[in-house]
There are 6 protein chains.
Amino acid sequence: MPKALYPGSFDPITYGHIDVVKRAYKLFDELFVAVMRNPTKPMLFSLEERQQLVEDVMRQEELTNVKVISHDGLMIELAKNLGVSAVIRGLRVTSDFEYEWQMALTNRDLGPEIESVFLMTSREYSFISSSIVREVKRYGGDVSHFVPKLVERALEKKFAEQKKS
Amino acid sequence: MPKALYPGSFDPITYGHIDVVKRAYKLFDELFVAVMRNPTKPMLFSLEERQQLVEDVMRQEELTNVKVISHDGLMIELAKNLGVSAVIRGLRVTSDFEYEWQMALTNRDLGPEIESVFLMTSREYSFISSSIVREVKRYGGDVSHFVPKLVERALEKKFAEQKKS
Amino acid sequence: MPKALYPGSFDPITYGHIDVVKRAYKLFDELFVAVMRNPTKPMLFSLEERQQLVEDVMRQEELTNVKVISHDGLMIELAKNLGVSAVIRGLRVTSDFEYEWQMALTNRDLGPEIESVFLMTSREYSFISSSIVREVKRYGGDVSHFVPKLVERALEKKFAEQKKS
Amino acid sequence: MPKALYPGSFDPITYGHIDVVKRAYKLFDELFVAVMRNPTKPMLFSLEERQQLVEDVMRQEELTNVKVISHDGLMIELAKNLGVSAVIRGLRVTSDFEYEWQMALTNRDLGPEIESVFLMTSREYSFISSSIVREVKRYGGDVSHFVPKLVERALEKKFAEQKKS
Amino acid sequence: MPKALYPGSFDPITYGHIDVVKRAYKLFDELFVAVMRNPTKPMLFSLEERQQLVEDVMRQEELTNVKVISHDGLMIELAKNLGVSAVIRGLRVTSDFEYEWQMALTNRDLGPEIESVFLMTSREYSFISSSIVREVKRYGGDVSHFVPKLVERALEKKFAEQKKS
Amino acid sequence: MPKALYPGSFDPITYGHIDVVKRAYKLFDELFVAVMRNPTKPMLFSLEERQQLVEDVMRQEELTNVKVISHDGLMIELAKNLGVSAVIRGLRVTSDFEYEWQMALTNRDLGPEIESVFLMTSREYSFISSSIVREVKRYGGDVSHFVPKLVERALEKKFAEQKKS
């Protein structure tokens, strides 16, 4: 049965991402979650920190069969190398759908044998984004509805470090 | 491996629908295509005619493992009865995405164990809709880029009958 | 303090509408809910039935200060006659926002002293529409997450009557 | 220099349409305005009445070089027969842009030599649609900001006739 | 009667913002306009300069009962501290509506007792944004339709300073 | 017959842009392509490099009557100085349409005599953007479907230079 890849920045991973992982996990035999370097946007957490958080969350959620990797390069090349049939995208109602579409069409051109599969995030988590989580936590707001406890602690530690320097 | 259902009115089936069937077919072990009665909209072809056209097209395209059925009732009940994991929706760039979303959220409420899976129609067919095919053909326009020959002939026959009565 | 009007077809009233009523009720001193005749769309329930359902729901929800009326004519004329400052519109993420905007701009031209106020429906109810409720119930689906019990019974009665005739 | 065609239902013509005509008129040497029969939607005015209103308005606005015609058939066939280079579409902010796009892509397939040219309606008129004009006037509302006097009178006469029958 | 908060960057305040203030002012007994620090985006004017411009404009427009404040932190915390019932958002047709929605849903989670109230900007000002005003003025374009004279002068002074340094 | 201006960043020019140039070229007697400096966004290629690439591509495509210029300032001022009747904008289905609209309305305010004319990019190229081309090429992906060979070579040279420094 087909393998799938769920790529993202995960800066940091949220309940929205976890919800997508769980949905994809039920549909596919093998699921890779790939933390992408993405050098064109500044990130709060390093690639290694982001991968570590995803791995910690997968273990805690007992999604132990999900393979967490990181990648510096074109997503579609990674998909080809892994031999996946599908690339998973989580759709939130408030997604930048036009951008998603543009990327998916570009990827189809670069790797026509790989299908873009859009899954709908749970209504409960459909408005969460990593950038809003970072913005709320930077000001000391409560993000416990948006991210697991261990991610919240990582955010606290990161912002404490930033203030010191 | 999971089974999937691709429901629709198929009034009539177009190259856009066929493209989605082929994509879903690669991802799922078993695929049902269900022609829905849909009594709230007037249809050009009867339920039986629409099912026959889908079956003829599947045979011609050698998609012989696709099961074509028809249904009069709630789609989500059909999905439960068939024991599918996923309901397939074809996304065109010009889809009525808000409506798709609303239906998918309603279906999640009625059948939370069944996933809505959105696949992207080929760029080539991404603007075709059954209603535009009907409109163009009604005026004698060329629809050979939009539907297979056998569907074009069915449209010609139908409009010829309508003119007589 | 300002008065407000919340107009709609309410064919039938849903938890989404009730959520908007409660939100508007907290903001305004006096709230009118107006059931509009709307002759351009066929309705399942008569104007009288729709008004009765809204009244029954308001009583049950103990929103006893909300005034329920019905109107056959231009909404903006009703708003002027009632002397309200604001017309309430419930925004769902899946709203036909362009249509809402067009109506609001037209209404501003016809009654510039009356403000269109958009309130956001609860995430929980943000995908419910009367038309989906009717469609689901017509096929015997469960609508208890979408409408109060008394509305569900009215739908059952209505569809039973339709089958007889 | 190129000729252009501006097709529509014009049921009835509004200040929004007139604004588009004036803009297209400045850009093209020869401009056709075509009133389309459109049998799939019920119309308030007959094809002949709609064409007459457009002609009357063109005369009043002194757009005497604009050629007003009517057509029963595919728009793109008309465009080919007239030998135009461009088909004009008026874009309002509240347009059903996805539908416009779908039609334009279909037309490009049926007549690739003819360009779809989108012009932006004036902000002042950007929310007017024929259907809202009919709805407001049906209830006796003031439509003098939306349509010329002669169109308003035609609406009054039409609704008076409808009431009698 | 309820109090309301209208938060924003106001870099600088435009006729669009002023229009929203006037509309909110009619609906609420007490209105706060809060200039937010917003450290994630670079600003042209300092927090103090932006607050001063808002205050000067309020005085000039004789909106003397509007309270102008500035805030460095989460907007929803400010709303709670001020005891407001509503947070005002101005909707332009060209708003980034998805972003607005996402923020409003996040805020509802962080402060469920506070309502997001969307008001429609006047058609005349519905396309103005601070960023376009800055871009046009940077090149010496005329912004007198978009901002009051005193804001235009502040922009001129700021750009003259930037050129010197 | 009217002159037209097609402005953009062209960082770098893509098959999408070339498609728009060809469409505009058929409609207008004289066509200017203007490479804009755009100091608010960081560019990969310098203004001179971008202009050179556009010129090279125009020569190769034998669009020798197109005048390629560069401009540092407001686009609408350039349009006035050139005496054009129309400013061309290419619409992709995945355009940021709201932004396009906002700019077009602003430009109409600054130069009401100049028409914004939206042309539809070919379906084949409708998802290409300069930013995606840069992103794909940066990682060594194949961009030969998106840009002419000479642009591809310029990208390779640029990224090779960046790696050295």
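## A tour of the six-letter chain set, stop by stop

Select C:D19 to begin: this residue is buried, with a relative accessible area of 12%. Here buried means under 20% relative accessible area, exposed means over 50%, and partly exposed lies in between (1.4 Å probe, protein chains only).

The model is predicted, with local features needing pLDDT of at least 70 and side-chain atom pairs pLDDT 80 or more, while totals for chains, interfaces and linings use all residues. Residues are numbered from 1 along each chain as its sequence is written, chains are lettered from A and ligands numbered from 1 in the order in which they are written, and side-chain values use heavy atoms, without hydrogens and water.

**Salt bridges**

Helices (H or I, at least four residues) and strands (E, at least two) are DSSP runs, numbered from the N terminus.

Over all chains the structure holds 87 salt bridges. For another of them, select D:D109 and F:R123, whose closest N and O atoms are 3.0 Å apart. This pair joins two chains, because D:D109 belongs to helix α4 (residues 97-110) of chain D and F:R123 to the loop between β5 (115-120) and α5 (130-138) of chain F. F:R123 is buried, at 18% relative accessibility.

Go on to chain E and select E:E152 with E:K149. Is each of these residues buried or exposed? Their side chains form a salt bridge of 3.7 Å, N to O. They are three residues apart in helix α6 (residues 149-164) of chain E, which means a separation of about one helical turn. E:E152 is buried, with a relative accessible area of 6%, whereas E:K149 is exposed at 52% relative accessibility. Then select A:R108, A:E115, B:D19, B:R23 and B:K26, which salt bridges with shared partners join into one network.

**A charged patch**

Select residue E98 in chains A, B, C, E and F: A:E98, B:E98, C:E98, E:E98 and F:E98 form a negative surface patch. Patch residues have over 30% relative accessible area and no salt bridge; like charges are joined within 9 Å, and nonpolar side chains (Val, Leu, Ile, Met, Phe, Trp, Tyr) within 5 Å. Zoom in on F:E98, in helix α4 (residues 97-110) of chain F. F:E98 is partly exposed, at a relative accessible area of 37%.

**Relations between chains**

Display chains E and F. Chain E is superposed on chain F by a rotation of 120° with 0.0 Å of shift along its axis, at an RMSD of 0.0 Å. This is the relation of a three-fold axis.

Now display chains E and C. A rotation of 180° with 0.0 Å of shift along its axis places chain E on chain C, with an RMSD of 0.0 Å. This is the relation of a two-fold axis.

**Backbone stops**

Select A:D11 and A:P12. The peptide bond from A:D11 to A:P12 is cis, with omega near 5°, and A:P12 lies in the loop between β1 (3-8) and α1 (15-27) of chain A. In chain C, a cis peptide bond joins C:D11 and C:P12, with omega about 5°. C:P12 is placed in the loop between β1 (3-8) and α1 of chain C.

D:F10 sits in the loop between β1 (3-8) and α1 (15-27) of chain D and is buried, at a relative accessible area of 3%. Next select D:E62, a residue other than glycine with a positive phi near 60°. D:E62 is in the loop between α2 (47-60) and β3 (67-71) of chain D and is exposed, at 66% relative accessibility.

**Last stop**

Select F:H17, in helix α1 (residues 15-27) of chain F. F:H17 is buried, at 18% relative accessibility. From F:H17 to F:G111 the separation is 94 residues in sequence and 24 Å in space, C-alpha to C-alpha.

Notes. Accessible areas come from the Shrake-Rupley method with a 1.4 Å probe; for residues, only the protein chains shown count as cover. A salt bridge is a side-chain nitrogen of Lys or Arg within 4 Å of a carboxyl oxygen of Asp or Glu. Lys and Arg count as positive and Asp and Glu as negative; His and the chain ends are not counted. The place of a charge is taken as NZ of Lys, CZ of Arg, CG of Asp or CD of Glu. Copies are superposed by least squares on the C-alpha atoms of residues with pLDDT of at least 70 in both.
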